[in-house]
Amino acid sequence: MAVVEVAGVGQEQGSEDPVLLLREQGGGRRYLAIWIGAPEATALAAAEVAATLPRPLTHRLLLDAVEAFGAQLTGVRLTALVEGQFHAELDLITADGGTRSVSARASDAVTLAVHQGCPIDASEDVLSEAALPANAVATVGGTEDEPDESDPTSPAGTADVEDEVEALRRALSEATPDDFRTDRPGEDE
């Protein structure tokens, strides 16, 4: 397993379809692109900016229910790619200290992980089959073959990166479901 993080939600070039982009931490810095629906993109955007809403949306509600029963989400794992669809598992610690795994869609698992602040792991099989190399992915700051701004030993300036991240957060907080409209239902079941 390799730890991955949300690099962002965007659109495939020449398409309006939302894409969840996960980046491998450290090592090879590979990416996973997961096509998701508009509601999932909106939910993930709200989780990323820690939007405060008067009532909980579905993902926050699920986590609140899990916690009400004394359990806790401790991590999510992207476990398989079956016929082009990513499969995931939610790892839970139960009230009695036991552990449970629950099958989930990848987009839901990642959104729950972002809400909870827990790790996201991807199996090496998934990465080997579906990962894009870092130099093939355009990101907010350019391509990943440029210096790593998150590396404190990197000569790249962090102020520019922080400004770009803040601008992205503002844009995501103002996004509406129409911004993520798609004609690809069921891409990540």
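**Entry 1: His59**

I started with His59, which sits in helix α2, residues 58-68. A reminder to myself: this is a predicted model. Is His59 buried or exposed? I looked up its relative accessibility and got 12%, so His59 counts as buried, the cut-off being under 20%. Next I listed what His59 touches, leaving out residues up to four places away in sequence: Ala43, Asp108, Thr111, Leu112 and His115.

**Entry 2: α1 and α3**

I noted how a helix pair gets described: two packed helices are given by the angle between their axes and the distance between the axes. For α1 (residues 38-48) and α3 (residues 106-116), the axes come within 9 Å and cross at roughly 15°. That makes α1 roughly parallel to α3. I also checked the handedness, and the crossing of these two helices is left-handed.

Which residues of α1 and α3 make the contact? From α1 I wrote down Glu40, Ala43, Leu44, Ala47 and Glu48. From α3 I have Ser107, Val110, Thr111, Val114 and His115. Sorted by class, the α1 contact with α3 has five nonpolar, three polar and two charged residues. Going back to my first entry, Ala43, Thr111 and His115 are among the residues that His59 touches.

**Entry 3: the sheet**

Then I turned to the strands. Seven of them form an open sheet with mixed pairing, in the order β3-β2-β1-β7-β4-β5-β6. Which strands stand at the edges? They are β3 (31-35) and β6 (99-105), each with a single partner strand, so one side of each is left without a neighbour in the sheet. From one strand to the next, the twist averages 35°.

I also wanted to know where α3 sits relative to this sheet. Helix α3 lies across β1 (2-11), β2 (18-24), β3, β4 (72-82), β5, β6 and β7 (120-122). Its direction is at about 155° to β4.

**Entry 4: strand pairs**

I went through some pairs one by one.

- β1 and β2 run antiparallel and are joined by seven bridges. I picked out Val9, whose bridge partner in β2 is Leu20.
- β1 and β7 run antiparallel as well, with three bridges. Here Ala2 stands opposite Ala122 in β7.
- β5 (residues 85-93) and β6 are antiparallel, with seven bridges between them. Asp91 has Ser101 of β6 as its bridge partner.

**Entry 5: two positive phi values**

How many residues lie between the strands in the hairpin of β1 and β2? I found six, and Gly14 in this hairpin takes a positive phi near 80°.

I found Glu83 in the loop between β4 and β5. With a relative accessible area of 81%, Glu83 is exposed.

**Entry 6: the whole chain**

Last, I zoomed out. The protein has five helices and nine strands. Starting at the N terminus, the elements run β-β-β-α-α-β-β-β-α-β-α-β-β-α. There are 189 residues, and 34% of them count as buried. I looked at contacts between residues at least 6 apart in sequence, and 55% of those join residues at least 24 apart.

Methods. Residues are numbered from 1 along each chain as its sequence is written. This is a predicted model: local features need pLDDT of at least 70, side-chain atom pairs count only at pLDDT 80 or more; totals for chains, interfaces and linings use all residues. Side-chain values use heavy atoms; hydrogens and water are left out. Axes are lines fitted to C-alpha atoms, for helices over the stretch in contact, and angles run from 0 to 180 degrees between N-to-C directions. Helices (H or I, at least four residues) and strands (E, at least two) are DSSP runs, numbered from the N terminus. Angles under 35 degrees count as roughly parallel, over 145 as roughly antiparallel, 65 to 115 as roughly perpendicular and the rest as oblique. A crossing is left-handed if the near helix is turned anticlockwise from the far one by less than a right angle, and right-handed if clockwise. Contact means heavy atoms within 4.5 Å. Ala, Val, Leu, Ile, Met, Phe, Trp, Tyr, Cys and Pro count as nonpolar, Asp, Glu, Lys and Arg as charged, and the others, Gly among them, as polar. Two strands pair if DSSP finds at least two bridges between them. Buried means under 20% relative accessible area, exposed over 50%, partly exposed in between (1.4 Å probe, protein chains only).
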